[in-house]
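Subject: Structure for you, with notes on charged side chains

Hello,

Here is the structure I said I would pass on. My notes follow it.

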Amino acid sequence: MPTMADVARSAGVSVATVSHVLNDTRPVLPHTRQAVLDAVEELGYTPNTLARSLVTSRTRSIGLAVSAISNPYFTEILQGVEAAALEAGYGLLIADPHDDPGHEREVVRLLHERRVDGMIVAPSADPSALVAYLGRHRVPAVFLDRVVDAPVGDGAPRFDQVCAEGAEPTARLVTHLAGLGHRRIGLVAGRPGLSTTRERITGYRHGLAAAGLPHDERLLVHGDSEAAGGERATAALLSLAVPPTALVTANNAMTIGALRALRDRGLSVPGDLALCCFDDFPWADLFSPRLTAVAQPSRELGARAVEMLLERLASPDRPARTVRLPSAFVHRTSCGCPEQPEQAPVLTHERTLP
């Protein structure tokens, strides 16, 4: 296996110069840099990442802690993170906190002990231990998909955060159903405590208010962001003395659960119950009926998280910010509308909050 000394001999430079080129620790003349890179290519030299990290205090690795990696939504986020990290020359270490605050802190500690340069984390419903650990150890981090309300000083967020718009698109689903004549619209909400759950409940209530409909607490049930929970929650709504005629499900896993509950009762969509869902599926237009949905920019969220983390590593003292990417309303037929001509999804607007 070729060594750094072999590269130095081939390029006609010192070992120190090779180190400066590979670790970017000192400016090197362009023709000298190219000679070193040519020698690296010719010899097939592979840098010792561990040794380089001791020199630069950087491992060029990113820790990613997200729950429910099997969920297609998080799988697409992972693809966005991985592609952006690879393009920037970073490796990825992945852990699943299982949405458990204690396990979340433990996997973050393990990632930190593996000397990742920074972390991208989708926080749990109780991220207090996570925030305390990251803050105490001054770990560069970006919160992904879910935001943490942990203001300091002037009210600015403690960490960079990136997520999709949640309240306005949910309100759009509710007002769309109301515009079709529905007066009892149920919501299968996610796990209590998550910022995504709070925002979609807020959007649901705003949508009811905008449509002039009363808010009936019995029509809001939690499905805990899982298929089984979505099935139980939908069954509870269908058991009401006056059940809803339309339903909004707050993530794709709970949509699957809701469809199971309806199937088990021999009910059809949209004939017996109109359905709109938050989170689009890659196969949503293959369902019968095709699912009217809010589509989140999952891959873009992953890529933006990497971008923000690299900016934080380059400028550790820059003010933290929260970026909200637009979600899209995808109009299909599960809401009870006839087939629509193919049209561009209606987007919300990207926002950056200081």
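Below is what I found on the charged side chains.

Please keep in mind that this is a predicted model. By the rule applied, it holds 17 salt bridges.

One group forms a network: Asp-99, Asp-145, Arg-146, Arg-191 and Glu-226 are linked by salt bridges. Within it, Asp-145 pairs with Arg-146, and their closest N and O atoms are 3.8 Å apart. Asp-145 is buried because its relative accessibility is 6%, under the 20% cut-off. Arg-146 is buried too, with a relative accessible area of 6%.

- Arg-218 and Asp-216 form a salt bridge, with 3.0 Å between the closest N and O atoms. Arg-218 is exposed at 56% relative accessibility, whereas Asp-216 is buried at 15%.
- Arg-321 and Glu-311 form a salt bridge, with 2.2 Å between the closest N and O atoms. Arg-321 sits in the loop between α12 and β13 and Glu-311 in helix α12, so this pair ties together parts 10 residues apart in sequence. Arg-321 is buried at 18% relative accessible area, and Glu-311 is partly exposed at 24%.

Which charged residue is buried yet has no salt bridge? That is Glu-104, in helix α6, which spans residues 101–113. Beyond its neighbours within four places in sequence, Glu-104 contacts Pro-97, Val-121, Ala-122, Pro-123, Ser-124, Asp-126, Pro-127 and Leu-130.

Regards

Methods
Residues are numbered from 1 along each chain as its sequence is written. This is a predicted model: local features need pLDDT of at least 70, side-chain atom pairs count only at pLDDT 80 or more; totals for chains, interfaces and linings use all residues. Side-chain values use heavy atoms; hydrogens and water are left out. Helices (H or I, at least four residues) and strands (E, at least two) are DSSP runs, numbered from the N terminus. Buried means under 20% relative accessible area, exposed over 50%, partly exposed in between (1.4 Å probe, protein chains only). Lys and Arg count as positive and Asp and Glu as negative; His and the chain ends are not counted. A salt bridge is a side-chain nitrogen of Lys or Arg within 4 Å of a carboxyl oxygen of Asp or Glu. Contact means heavy atoms within 4.5 Å.
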